[in-house]
Amino acid sequence: MMSPNQTLVTQFVLQGFSEHPGLRVFLLGCFLSLYTVSLMGNAVIITVVSCSAGLHSPMYFFLCNLATMDIVCTSSVLPKVLVGLNSKENTISFQGCMLQLFFLVWSGSSELLLLTVMAYDRYLAICCPLHYSSRMSPRLCGAMAMGVWGICALNASINTGLMMRLSFCGPNVINHFFCEIPPLLLLSCSPTRVNSIMTVLADTFYGGINFLLTLTSYGCIISSIMHIRSAKGKWKAFSTCSSHLIVVSVYYSSVFCAYISPASSYSPERSKLSGVLYTVLSPTLNPLIYTLRNKEVKHALWRLFPFSGG
């Protein structure tokens, strides 16, 4: 409970990359370029899949959902980063910080669940091809997508609500380039035990259980591929899930580095690096990986935009 004579923090200062003033212009150019590529790439994926009848399948339906969340993720972080790199001090209001936190948690957790659903989709396509159509019906795919968005919105609401209950009456400098749970907990002047427990539970579910489910799916996929006799058949089966496997590897590596550690061992520099990976680099690479490594997407892209090649 706040005492009447304590002053509540009404805004935070995002430290960002201010400790490297000589890199300000370079970082501004890099982040602006990556943000542009990310927005354009993911928008193209959504457009191509939506306008191409040949891509109206479960795999591409979930890819559209992933691209949407990539846009939400980068747009919740990068505009403020660009403003900060172009000004002397980057401040964000308390309400703005909580809003950014909500969209970041929502998009990040949604991507983890979508990657698990996409792994299950590839498992059914390769290991149970005869039952694929019945198990991945359009109605079920729609229900799973809505479930992902709903569950993750609830998770984001709980985490943001718990954060808003805390008192911030001391230092207001966030040693990061966006509002993230660990550095915010370090600034709170009230008990954060409930927040820490919720963070651990969310990390266990989204980072741990989903990772194990994805590993299990790919374990079954690899086992099934190994039983294919012809080298051509093996390559064809593997090529259908190689793009997703690369995306999973990049995303989980950055998320584990950022979140699978207690708040007491929080490292600002490590968190900034991993933050760049999963909020900037991963959403930028995802459309490039799926476009460059997927013949169906490339053919659909060429048909929709003849000037793109082909």
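Which hand does the link of Cys97 and Cys179 have about its S-S bond? The close-ups below start there. This is a predicted model, where local features need pLDDT of at least 70 and side-chain atom pairs count only at pLDDT 80 or more, while totals for chains, interfaces and linings use all residues. Residues are numbered from 1 along each chain as its sequence is written, and side-chain values use heavy atoms, with hydrogens and water left out.

**View 1. The Cys97–Cys179 disulfide is left-handed.** The angle about the S-S bond is -130°. Cys97 sits in helix α3 (residues 94-127) and Cys179 in the loop between β3 (173-174) and α6 (181-187), so this bond ties together parts that lie 82 residues apart in sequence. Helices here are DSSP runs of H or I with at least four residues, strands are runs of E with at least two, and both are numbered from the N terminus. The two sulfurs are 2.1 Å apart; a disulfide is called when a pair of cysteine sulfur atoms comes within 2.5 Å. Both Cys97 and Cys179 are buried. Buried means under 20% relative accessible area, exposed means over 50%, and partly exposed is in between (1.4 Å probe, protein chains only).

**View 2. Cys169 pairs with Cys189 in a disulfide.** Here the S to S distance is 2.0 Å, and with 140° about the S-S bond the link is right-handed. Cys169 lies in the loop between α5 (138-164) and β3, and Cys189 in the loop between α6 and α7 (193-226), so the pair connects parts 20 residues apart in sequence. Cys169 counts as partly exposed at 23% relative accessibility, and Cys189 is also partly exposed, at 39%. That makes 2 disulfides by this rule, and with bonded cysteines counted along the chain they follow the pattern 1-3, 2-4.

View 3. Cys51 is exposed, with a relative accessible area of 52%, whereas Cys64 is buried at 12%.

**View 4. Arg122 and Asp121 form a salt bridge.** Their closest N and O atoms are 2.9 Å apart. The rule asks for a side-chain nitrogen of Lys or Arg within 4 Å of a carboxyl oxygen of Asp or Glu. A search of the whole structure turns up 1 salt bridge. Arg122 and Asp121 are both buried.
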